[in-house]
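Trainee: I would like to go through the contacts in this entry and ask what each label rests on.

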Amino acid sequence: MAEALKVPTMAEYMAEGKKPEVLFWVGCAGSFDDRAKKITKAFVKLLHQAGVDFAVLGTEESCTGDPAKRAGNEFLFQMQAATNIEVLNGYEIKKVVTACPHCFNTLKNEYPSLGGNYEVMHHTQFLKALLNEGRLKVEGGKFKGKKITFHDPCYLGRANNEYEAPRDLLRKLEVELVEMRKCKKEGLCCGAGGGQMFKEPEPGNKDVNIERTEQALEVNPEIIAAGCPFCNTMMTDGVKGKDKEDSVAVIDVAELIANAEDL
Amino acid sequence: MQIIAQILFAIALVAGIVFFARNVKRLIRNIKLGKEVDRTDNPGERFAKMARIAMGQSKMVRRPLAGALHIIVYLGFIIINIEVLEIIIDGIFGTHRILSFLGGFYNVLIAAFEILAFLVLVGVILFWTRRNVSRIKRFWNREMKGWPKNDANNILYFEMVLMVLFLTMNAADYQLQLNGATHYTSEAGIIGSFPVSQFLLPLLDGLSNSTLIIIERIAWWAHILGILFFLNYLYYSKHLHILLAFPNVYYSKLTPQGKLDNLEAVKKEVELMMDPNADPFAAPAEGEEEEEPEKFGASDVFDLNQVQLLNAYTCTECGRCTSECPANQTGKKLSPRKIMMDTRDRLEEVGEIINKNGKYEDDGRQLLDDYILREELWACTTCNACVEACPVGIDPLSIILDMRRYLVMEQSAAPNELAIAMTNIENNGAPWPYNQMDRLNWAKEK
């Protein structure tokens with residue numbers, strides 16, 4: 001684990017006159033947030049393990065504009081989109097994978113009518129595809145039999161109807177998958193969406209992440225699996241708020257797969 | 001005597017229909033105050049969605065008990081209304097059970113109406129109990145005080161009374177037929193089959209034919225006048241969903257819930273900014289008026305689109321959205337149902353001004369602040385739980401977003417922390433104050 005990861009950039013590929021199979025869109029959280037960076041690295045390790053020819057934009061990547069759009073700043077969103085689309089189209093990107101459901105939703109649904117048309121996949125969908133193609137091996141390992149519940153990210157689940165890819169991966173890990181009272185279509189938000197991540201909540205009697213964490217703790221999991229860096233932060237804070245950080249871990253699906261084999 | 005009754009009936013019927021038509025016209029006029037939006041694409045898919053969700057009630061049954069009861073009342077409402085056809089013909093022509101020529105099939109029909117009427121009665125009583133005795137939380141939120149609460153109960157009382165009148169009418173009719181009363185008796189023997197109202201006969205025991213006729217006539221008249229009244233109560237109530245649920249689902253969004261619209265007006269501005277050859281100070285082309293820049297977002301009902309206004313009229317205040325809303329569950333002021341009720345109430349307020357003056361005159365009020373508070377708007381996580389929960393395809397999130405757009409782009413009134421995040425995005429491409437040049441540092445960190 002001592003050596004740095006090999007993470008090629010699009011600029012390097014371009015210089016060599018090559019094109020990668022897929023662009024890994026890292027996202028702001030995945031680039032800067034200390035917790036989310038671990039998810040980014042775990043996913044990169046899996047990409048290497050599966051022999052995926054990928055590249056990142058690196059310093060040419062910029063916020064998709066999702067939080068701005070959902071906070072009402074359509075202008076800033078479209079400026080961000082225009083800049084990003086110019087970069088993506090410049091590199092003739094066809095396929096994008098990202099570990100952030102917010103980036104995923106924005107790139108997939110909101111960029112096309114602004115001139116950005118790509119095949120966009122969430123990292124759980126991409127990993128599942130690698131698995132189906134036999135490029136990635138996912139099996140038992142150290143999480144086998146562990147009681148795990150999956151928290152659906154709104155922007156993967158309800159927003160884009162993907163409930164099974166992360167669960168299929170967890171099943172492959174032979175974990176004991178338990179569902180919360182509110183899951184899939186009815187899953188409760190972690191409280192971060194719509195720009196809430198960047199502001200204090202409005203006055204109320206509880207924080208949304210505490211409510212959701214309580215729902216997760218009801219099923220007594222050893223691990224709360226997540227598929228979104230923001231959900232990860234919110235649920236981690238929730239677990240801490242409930243003084244359960246010693247017995248319950250919040251881990252991204254990609255990390256679970258990478259850690260199962262001690263990558 | 002008979003002819004007077006027929007004339008009175010015709011007058012009541014025409015008055016009921018004319019008044020209803022006037023209200024429908026107002027409804028359409030008010031919806032058209034909104035901006036046009038094209039939702040005519042994919043008619044096949046839209047129709048299928050309407051068949052599944054509105055006709056097929058597929059989202060209602062996600063809550064099994066409420067769903068099952070609702071299906072009974074829904075089917076009862078549709079099927080029993082076949083009987084109204086006969087009542088209208090009988091009323092105009094002074095006939096008695098004109099459709100009885102259908103013979104055996106007629107008996108089956110009447111029997112089905114009776115059983116459904118009984119089930120509807122039971123269903124409506126259970127609905128009332130859920131609302132008033134078990135006090136299910138979503139019926140007791142802040143916005144459900146006063147008229148909304150009374151309105152819901154009024155509708156339930158109405159339906160109870162209509163069903164009781166229908167069964168009473170049948171019972172008296174049956175007893176009159178058994179007694180061989182003129183006008184009620186047919187050569188073919190007993191017409192109609194009365195599996196439920198036959199049990200009411202002991203209550204009518206020993207009454208003279210003339211008393212029975214009075215009972216039957218009162219029940220018959222009260223029933224049909226009640227229906228005409230109910231038809232016209234709809235417009236003033238949350239109950240419009242029985243008509244509007246169908247178009248509302250038809251015109252609902254087909255794209256993934258996560259996909260929010262990209263504002264066209266902004267698109268133009270951004271293109272202009274990104275185009276190095278554009279001259280921002282250029283005079284408008286010859287013969288072209290300089291356009292008034294379009295208002296961004298919504299502060300009043302006029303800024304919303306017609307589907308959003310249709311949504312507001314369709315909402316029946318069931319509160320499934322609010323009970324699924326993460327903000328509401330944690331005690332925040334936001335309630336997606338209230339967003340819809342406020343939109344409708346403001347639209348009605350505007351409609352009233354137009355009724356009085358012939359056109360809208362600024363009344364110094366608007367949807368934002370006078371109805372919907374900023375605190376409500378800023379509590380939303382855009383999680384789409386409300387959209388998913390709505391059994392008739394209402395999208396409260398789209399209204400919340402349009403109002404946030406107004407606050408941010410027209411008023412620069414975003415909460416401070418959000419304004420900072422936006423500035424960060426603008427300056428360094430991330431909501432946090434990190435340098436864009438450090439974006440790949442994670443790859444070098446051990």
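This is a predicted model: local features need pLDDT of at least 70, side-chain atom pairs count only at pLDDT 80 or more; totals for chains, interfaces and linings use all residues.

Trainee: What makes chain A a chain of two domains?

Mentor: The bounds come from an automatic or database domain assignment. Chain A is divided into domain 1 (10–131) and domain 2 (138–260), with 22 Å between their centres, taken over C-alpha atoms.

Trainee: How many residues does each domain give to the contact, and what puts a residue on that list?

Mentor: Two residues are in contact if their C-beta atoms, placed from the backbone, lie within 7 Å. By that test, 27 residues of domain 1 of chain A and 30 residues of domain 2 of chain A take part.

Trainee: Which element gives the most to the side of domain 1 of chain A that touches domain 2 of chain A?

Mentor: Helix 3 of chain A does, with eight residues. The elements that give two or more residues to that side include helix 3 (34–49) and helix 7 (123–132) of chain A. By class, the side has 14 nonpolar, seven polar and six charged residues.

Trainee: How many residues do chain A and chain B each give to their contact?

Mentor: Chain A gives 61 residues and chain B gives 58 residues. On the side of chain A that touches chain B, the largest share, seven residues, comes from helix 5 of chain A. Helix 9 (208–217) of chain A is also among the elements that give two or more residues there.

Trainee: What classes make up the side of chain A that touches chain B?

Mentor: It has 24 nonpolar, 21 polar and 16 charged residues.

Conventions: Residues are numbered from 1 along each chain as its sequence is written. Chains are lettered from A and ligands numbered from 1 in the order in which they are written. Helices (H or I, at least four residues) and strands (E, at least two) are DSSP runs, numbered from the N terminus. Ala, Val, Leu, Ile, Met, Phe, Trp, Tyr, Cys and Pro count as nonpolar, Asp, Glu, Lys and Arg as charged, and the others, Gly among them, as polar.
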